[in-house]
Amino acid sequence: WAAAFAGAYIGTFSHVLLDALMHPDMQPWWPFAVGNGLLGVVDVGWLHLGCAIAAALGGIGVALRFHYHGKA
C-alpha cells in the first residue's frame with residue numbers, strides 16, 4: 001500500500017506541474033489563486049526533451065535492476 005500511495009501521490013502532483021508548464025488553461029494553484037504563473041517557464045520543446053531523457057534513464061535503470069537482481 002505504501003508504494004501504491006506514494007506513486008499515486010507523486011504521479012498526481014508531477015502531472016499537474018508538467019501540464020501547468022505547457023497548457024494555458026491549467027490553474028495549478030486553484031482554489032488558492034487563479035491563473036497559471038508556471039506557463040512558459042520552460043519551452044515546450046525542452047520540456048518534451050526532458051521527459052524523453054527521464055524516460056530513457058528510467059528504462060535504463062529498470063533494465064539494470066533486472067539484469068543484476070532478476071525479477072524478484
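How are α1 and α2 oriented to each other, roughly parallel or roughly antiparallel? This is a predicted model, where local features need pLDDT of at least 70, side-chain atom pairs count only at pLDDT 80 or more, and totals for chains, interfaces and linings use all residues. Residues are numbered from 1 along each chain as its sequence is written, and side-chain values use heavy atoms, without hydrogens and water.

Start with the two helices. Helix α1 covers residues 2-22, and helix α2 covers residues 44-69. Helices here are DSSP runs of H or I with at least four residues, numbered from the N terminus. The axes of α1 and α2 come within 9 Å and cross at roughly 150°. Such axes are lines fitted to C-alpha atoms over the stretch in contact, with angles from 0 to 180 degrees between N-to-C directions. Angles over 145 degrees count as roughly antiparallel, and those under 35 as roughly parallel. Therefore α1 and α2 are roughly antiparallel to each other.

Now take Leu-17, in helix α1. Leu-17 is partly exposed, with a relative accessible area of 44%. Buried means under 20%, exposed over 50%, and partly exposed in between, using a 1.4 Å probe and protein chains only. Leu-17 lies 23 residues from Gly-40 in sequence. Their C-alpha atoms are 12 Å apart in space.

Trp-46 sits in helix α2. Its relative accessible area is 61%, so Trp-46 counts as exposed. Ala-4 is 42 residues away along the chain, and the C-alpha atoms of Trp-46 and Ala-4 are separated by 30 Å.

Definitions and conventions: Angles under 35 degrees count as roughly parallel, over 145 as roughly antiparallel, 65 to 115 as roughly perpendicular and the rest as oblique.
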